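Here is a short briefing on one protein model. Keep the sequence and the 3D view open as you read.

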Amino acid sequence: MMLTVDLNHLDKIQEVHNEKAEEPDEIYDNFVQNLATYHFQVKAIIQDILECRDSMESLNELNEKGRAKITLLREELENLDAHATDMNDQKYFLESVSQRHLLAGLLKEFKEANISSMFAIEKAQREDLLKAGEGEESVLRNRKKKVDRDGLLKMSTGVTEQLLSISRQLAATTQRSQDTLDSLVSSSSTVHGTQAELQNTGSTITQSSKLLKKYGRREFTDKVIMFFAFLFFLAVCLYIVQKRLF
């Protein structure tokens with residue numbers, strides 16, 4: 001009876017393991033979907049920056065929107081890293097490395113789009129200043145040019161600071177990608193070790209199952225032998241009783 005219960009228990013463990021392996025990973029799908037959404041939103045803002053030719057103020061507004069979306073993307077990526085560490089799942093680590101490479105490329109595009117639009121806006125403003133004619137109002141125009149130059153200098157300084165900030169973010173993202181890659185290498189070794197242990201455990205379970213079945217057959221054989229031995233004992237007793245009585 002105990003042998004039958006043990007065999008049923010092993011079968012149930014294997015069924016539960018197979019069911020867990022077939023369950024869809026909704027958490028992983030949500031991470032991928034959220035990161036893709038933020039990525040496309042930043043892409044759209046980069047396109048708006050490339051098309052921006054109005055003023056530096058408009059460019060600064062687009063920059064603020066872009067940085068906000070990049071911050072959300074980075075926070076979601078950090079959540080993915082934390083979940084990957086908790087789950088110790090190689091799939092999450094690989095997705096994290098891939099997303100960090102995409103983020104690095106996105107920051108580079110963001111920086112290049114800002115530089116391109118800044119130069120285009122400054123060029124347009126310089127052309128407007130050069131188009132101003134000479135005349136009685138030349139003094140006022142010269143003053144206006146000086147004010148515009150000061151404004152351009154301030155705006156250029158602000159954009160330069162923004163580009164430096166983007167460069168620092170790009171460097172930080174690259175460093176995080178390197179750290180994640182190192183963690184992936186370490187986790188990969190751990191996963192391979194765990195896989196070898198699971199294979200050994202599976203072999204042990206299979207051997208145990210075979211031994212239990214073998215012992216079950218032996219138990220049945222022993223019962224049959226004991227039954228015939230008991231019958232033989234009864235026959236001997238009856239034979240002895242019969243000889244003494246008759």
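Predicted model: local features only at pLDDT ≥ 70, side-chain atom pairs only at ≥ 80, totals over all residues.

Is Lys-43 buried, partly exposed or exposed? Lys-43 has a relative accessibility of 34%. The briefing starts with the overall fold, then moves to salt bridges, surface patches, loops and a contact across the chain.

**Overall fold**

- The protein has five helices and zero strands.
- Read from the N terminus, the order of elements is α-α-α-α-α.
- The protein has 246 residues, and buried residues make up 25% of them.

**Helix 3**

- Helix 3 covers residues 56-87, which is 32 residues.
- From its first C-alpha to its last, helix 3 reaches 46 Å.
- That is close to the 46 Å expected at 1.5 Å a residue.
- Asn-88 follows helix 3.

**Salt bridges**

- The count of salt bridges comes to three.
- One of them joins the side chains of Lys-43 and Glu-109, at 2.7 Å from N to O.
- This pair links distant parts of the chain, 66 residues apart.
- Lys-43 sits in helix 2 (residues 26-51), and Glu-109 sits in helix 4 (residues 90-130).
- Glu-109 has a relative accessible area of 32%, so this residue is partly exposed.
- Another salt bridge joins the side chains of Asp-81 and Arg-100, at 2.4 Å from N to O.
- This pair also links distant parts of the chain: Asp-81 is in helix 3 and Arg-100 is in helix 4, 19 residues apart.
- Are Asp-81 and Arg-100 buried or exposed? Both are buried.
- That label means that each has under 20% relative accessible area.
- Glu-219 and Lys-223 form a salt bridge too, with their closest N and O atoms 4.0 Å apart.
- Where do Glu-219 and Lys-223 lie? Both are in helix 5, four residues apart, or about one turn of the helix.
- An α-helix has 3.6 residues a turn, so residues three or four places apart point the same way.
- Glu-219 is partly exposed, at 33% relative accessible area.
- Lys-223 has 53% relative accessibility, so this residue counts as exposed.

**Surface patches**

- Which residues gather in a patch of positive charge on the surface? They are Lys-213, Lys-214, Arg-217 and Arg-218.
- Lys-214 belongs to helix 5, which runs over residues 138-245.
- With a relative accessible area of 36%, Lys-214 is partly exposed.
- Patch members need over 30% relative accessible area, so Lys-214 passes that cut-off.
- The surface also carries a nonpolar patch.
- Its members are Phe-220, Val-224, Phe-227, Phe-228, Phe-230, Leu-231, Phe-233 and Leu-234.
- Together they have about 820 Å² of accessible area.
- Val-224 is placed in helix 5.
- Val-224 has a relative accessible area of 32%, so this residue is partly exposed.

**Loops between helices**

- Asn-88 lies in the loop between helix 3 and helix 4.
- Asn-88 counts as partly exposed, at 35% relative accessibility.
- Arg-53 is in the loop between helix 2 and helix 3.
- Arg-53 is partly exposed, with a relative accessible area of 41%.
- Arg-53 and Ser-117 are 64 residues apart along the chain, yet their C-alpha atoms are separated by 6.8 Å.

**A contact across the chain**

- Ser-183 is a residue of helix 5.
- How many residues separate Ser-183 and Thr-85 in sequence? They are 98 residues apart in sequence.
- In space, the two are 8.8 Å apart, C-alpha to C-alpha.
- Ser-183 is partly exposed, with a relative accessible area of 34%.

Key: Residues numbered from 1 in each chain as written. Heavy atoms only, no water. Helix = DSSP H or I, 4+ residues; strand = E, 2+ residues; numbered from the N terminus. Expected span 1.5 Å × (residues − 1). Patch = residues over 30% accessible without salt bridge, like charges linked within 9 Å, V, L, I, M, F, W, Y side chains within 5 Å. Areas by Shrake-Rupley, 256 points an atom, 1.4 Å probe, with all protein chains shown as cover. Lys, Arg positive; Asp, Glu negative; His and termini not counted. Charge placed at Lys NZ, Arg CZ, Asp CG, Glu CD. Buried < 20%, exposed > 50% of the residue type's maximum accessible area, 1.4 Å probe, protein only.
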